[in-house]
Amino acid sequence: MATDPRPRVAHVVFRFDTGGLENGVVNLINHLPAERWRHAVIALTEVTEFKRRVQVPDVEFIALNKAPGHALPLYPRLWRLFRRLRPAIVHTRNLAALEAAVPARLAGVRVRVHGEHGRDIEDLDGSSLHHQRLRRLYKPCITHYVALSRELERYLIDKVRVPPARITQIYNGVDSERFAPAAPGPSCIEGCPFSAARGHWLVGSVGRMQTVKNQALLARAFLRALQLAPELRDRLRLVLVGDGAMRAELQQLLDAAGAATLAWLPGERGDVPDVMRGLNCFVLPSLAEGISNTILEAMSSALPVIATDVGGNAELVAHGRTGLIVPSAELETLAARLVQAASDPEAAARMGAEGRREVEARFSLQAMVAAYEALYDRLLAVGSERMN
């Protein structure tokens, strides 16, 4: 049997499930030219049905079912796996998967890329000396780094002491055809009790309901906004899409405030583009971010974005032009911004339209894929030169 000449990229993640990081992997696999590249996805823990998002037919998915703690017991298995797959590139992502670079190096993989996508829940501001030391420990095993934001690039240079020449900053890209605005205005979301046709103005968020995403701040700010501007009670509505440990707590919070009929928490949805097209405003209240896919998806859907000033959010949202940036964890400021946007829907819509233009100019999926392909090609060429 003839050997497949296409270089294989082995993407290593902690868990392959619904999430921004994983969505970026899916987009990259689906849009890198299939005639030039092949792929494998290795999850240190599990691979979920999220893998169905991958449209390329010959991708191998491998779940290692790692137990809590260090991955050292997995090193022999990872070594054998890399020897079998013979990837040209191993691409690890975030601290939880970084240590897979060690068996990759031992297995003779010449190009080992590590991507920094966002903050760990235990290290929201990047100040943890322990996490910095861990990254320095594994630094000799990394050929090149990808930082998804300028803020993460600065972290690698200043805290992890990575030479700038070994870092490439690449923003996430968004599929602007899949995430396109509804015309002439917001459409109805299937199953949602609220809609523009009923005179509602929908503010919402989409994402895993976990502490770092801080949807509770948005729920409290929504309730506070109704106190600040009671006239909005007839039309301002809250949509929180996603599932996770915080969902029941959020529902209880809204129920206790007597706002259960003003909010909709449908759980996880597979029709996120349609959800975006049904909103009037998108809010990301996170405590930490890298480069948020959902912000880009909202901007691509022509939604004004209100986001906390963490990670790369302010690199995506131009305050006052494509949305509003608010300090992290500040309830009153977020509530005031909700009132501002809902009270002037025309101005909010103008910011959304400007955000769509910004996506088309700076954050296209094509630009992201081209940047990764150029980086992979360059690193493989350098690796070949060293072998000769």
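## Close-up views of a predicted model

**View 1. Helix α10 meets helix α13.** Helix α10 (residues 293–300) packs against α13 at an angle of about 110°, and their axes are 7 Å apart. This is a predicted model, in which local features need pLDDT of at least 70 and side-chain atom pairs count only at pLDDT 80 or more, while totals for chains, interfaces and linings use all residues. Residues are numbered from 1 along each chain as its sequence is written, and side-chain values use heavy atoms, with hydrogens and water left out. Helices here are DSSP runs of H or I with at least four residues, strands are DSSP runs of E with at least two, and both are numbered from the N terminus. Axes are lines fitted to C-alpha atoms, for helices over the stretch in contact, and angles run from 0 to 180 degrees between N-to-C directions. The two helices, α10 and α13, are therefore roughly perpendicular to each other; the cut-offs are 65 to 115 degrees for roughly perpendicular, under 35 for roughly parallel, over 145 for roughly antiparallel, and oblique for the rest. On the α10 side, L296, M299 and S300 meet G352, G355, R356, E358 and V359 of α13, where contact means heavy atoms within 4.5 Å. Sorted by class, the residues of this α10–α13 contact are three nonpolar, three polar and two charged. For that sorting, Ala, Val, Leu, Ile, Met, Phe, Trp, Tyr, Cys and Pro are nonpolar, Asp, Glu, Lys and Arg are charged, and the others, Gly among them, are polar.

View 2. G355 sits in helix α13 and is buried, with a relative accessible area of 0%. Buried means under 20% relative accessible area, exposed means over 50%, and partly exposed is in between (1.4 Å probe, protein chains only). Leaving out residues up to four places away in sequence, G355 touches M299 and T322. The C-alpha atoms of G355 and A298 are separated by 8.5 Å, though these residues are 57 residues apart along the chain. S176 comes from the loop between β7 (167–169) and β8 (201–206), and it counts as buried at 18% relative accessibility. With residues up to four places away in sequence again not counted, S176 touches S300, R356 and V359.

View 3. R362 forms a salt bridge with E358, and the closest N and O atoms are 2.9 Å apart. The term salt bridge covers a side-chain nitrogen of Lys or Arg within 4 Å of a carboxyl oxygen of Asp or Glu. Both R362 and E358 belong to helix α13 (residues 345–362), four residues apart, or about one turn of the helix. R362 is partly exposed at a relative accessible area of 36%, whereas E358 is buried at 11%. Zoom out a bit and there's a network of salt bridges linking R321, E354, R357, E358 and R362.

**View 4. Salt bridges elsewhere.** Searching the whole structure turns up 21 salt bridges. One of them joins E151 to R119, with the closest N and O atoms 2.4 Å apart. This pair links distant parts of the chain, 32 residues apart: E151 is in helix α6 (residues 150–158), and R119 is in the loop between β5 (111–116) and α5 (129–138). E151 is partly exposed, with a relative accessible area of 27%, but R119 is buried at 15%. Another salt bridge pairs R269 with D271, the closest N and O atoms being 2.8 Å apart; D271 counts as buried at 18% relative accessibility.

**View 5. Helix α7 packs on helix α12.** Helix α7 (residues 215–228) and helix α12 (residues 331–343) pack at an angle of about 60°, with 8 Å between their axes, and are therefore oblique to each other. From α7, the contact residues include L217, L218, A221 and F222, and those from α12 include L331, L334, A335 and L338. By class, that α7–α12 contact has twelve nonpolar, no polar and three charged residues.

View 6. Most residues other than glycine have a negative phi, and most peptide bonds are trans. From A183 to P184 the peptide bond is cis, with omega near 5°, and P184 lies in the loop between β7 and β8. R161, in the loop between α6 and β7, has a positive phi near 65° and is exposed, with a relative accessible area of 54%. A329 isn't a glycine either, yet has a positive phi of about 65°. You'll find A329 in the loop between β13 (323–326) and α12, where A329 counts as partly exposed at 48% relative accessibility.
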